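Work through the exercises below with the sequence and the coordinates at hand. Each task is followed by a solution in steps.

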Amino acid sequence: MAALVLLCPPAALSAQSVATPEPTDLIATLNTICVRARGDRAQVAALAADAGFSPVPESMTPRLRNASERAGFMRTNATDISIVMTGQMTRRVGRDTVILDFCGVSARPTDHRALDRRLRDLMDFDAVNAGGFDAYAWLQTSEGRAPSRSLSDDQFVAMARTGQMRLVVLDRSGRGSTLMYMLPRVD
C-alpha cells in the first residue's frame, strides 16, 4: 500500500480557510449584462458567459406569463445562486400590443432592504407601482432620463410608442430578488 504524501504539513491544512465568495450584486450584474446588451438576446448570452454563467435548459428558466424566446443562464457558488434570463413578453393593453424585450437577474438569497435602498439611490427617482411590483419607468432621451411619476395603461402605451421607454422592475419573492430590465415598444 502506497503511503499518503501530503503537500503541506497537517497543521497547515486545518488552519486554512476558504474565502466565501461575495454575494451576487444584482444591480451591477443587471448593468453589465442586461443594460449593456440593449435587448439583444445573443449579446445577453455572450455577456452572461463572460461573467461565468452557464446556459440552462428552457425547463430550468423561470416561466413568465406571455413570454417567448426565453433563455436562461445560471451561476452558483457557496454564497448564492444566480440566474440571468432573457426573452420577449407581450402585453395587450386596450387595442395595442406592447412588446417587451427583457433581461433579468435573480439571486437567492438577497438582502431586500439593502437592494431597495441601493436601487432607489441609483435611480434617483421614485418607483411606481406596476401590477404589484416596484417599477422604475422612464424615457431615455438625449438629455438623460425623463422619469414617469405614474404608470396608467394609457401612459404605458404612450411611452412604449416612443421606442425610448425603459423599465426596471423589482420583484421580491421569499429569500430571493429579481431585477428585470425591459425595453417596451409598440410595433
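Buried means under 20% relative accessible area, exposed over 50%, and partly exposed in between, with a 1.4 Å probe and protein chains only.

The model is predicted: local features need pLDDT of at least 70, side-chain atom pairs count only at pLDDT 80 or more, and totals for chains, interfaces and linings use all residues. Residues are numbered from 1 along each chain as its sequence is written, and side-chain values use heavy atoms, with hydrogens and water left out.

**Exercise 1. Describe how α2 and α3 pack.**

Step 1. Axes are lines fitted to C-alpha atoms, for helices over the stretch in contact, and angles run from 0 to 180 degrees between N-to-C directions. The axes of α2 (residues 26-37) and α3 (residues 41-50) come within 8 Å and cross at roughly 160°.
Step 2. Angles under 35 degrees count as roughly parallel, over 145 as roughly antiparallel, 65 to 115 as roughly perpendicular and the rest as oblique. The two helices α2 and α3 are therefore roughly antiparallel to each other.
Step 3. On the α2 side the contact is made by Thr32, Ile33, Arg36 and Ala37, and on the α3 side by Gln43, Val44, Leu47 and Ala48.
Step 4. These residues divide into 5 nonpolar, 2 polar and 1 charged. Here Ala, Val, Leu, Ile, Met, Phe, Trp, Tyr, Cys and Pro count as nonpolar, Asp, Glu, Lys and Arg as charged, and the others, Gly among them, as polar.

**Exercise 2. Find the disulfide and characterise it.**

Step 1. A disulfide is a pair of cysteine sulfur atoms within 2.5 Å. The search of the whole structure gives 1 disulfide.
Step 2. The partners are Cys34 and Cys103, with sulfur atoms 2.0 Å apart.
Step 3. Cys34 is in helix α2 and Cys103 in strand β4 (residues 96-108), so the pair links distant parts of the chain, 69 residues apart.
Step 4. The torsion about the S-S bond of Cys34 and Cys103 is about -55°, so the disulfide is left-handed.
Step 5. Cys34 is buried at 1% relative accessibility, and Cys103 is buried at 4%.

**Exercise 3. Which residues does Met180 touch, not counting residues up to four places away in sequence?**

Step 1. Met180 belongs to strand β9 (residues 176-185) and is buried, with a relative accessible area of 7%.
Step 2. Met180 touches Leu30, Leu64, Met85, Phe102, Cys103, Gly104, Leu167, Val168 and Val169.
Step 3. For Cys103, 77 residues from Met180 along the chain, the C-alpha separation is 5.8 Å.

**Exercise 4. Check the backbone torsions in the loops.**

Step 1. Arg38, in the loop between α2 and α3, has a positive phi near 50° and is exposed at 69% relative accessible area.
Step 2. Asp124, in the loop between α4 and β5, has a positive phi near 65° and is exposed at 66%.
Step 3. The peptide bond from Arg108 to Pro109 is cis, with omega near 0°.

Conventions. Helices (H or I, at least four residues) and strands (E, at least two) are DSSP runs, numbered from the N terminus. Contact means heavy atoms within 4.5 Å.
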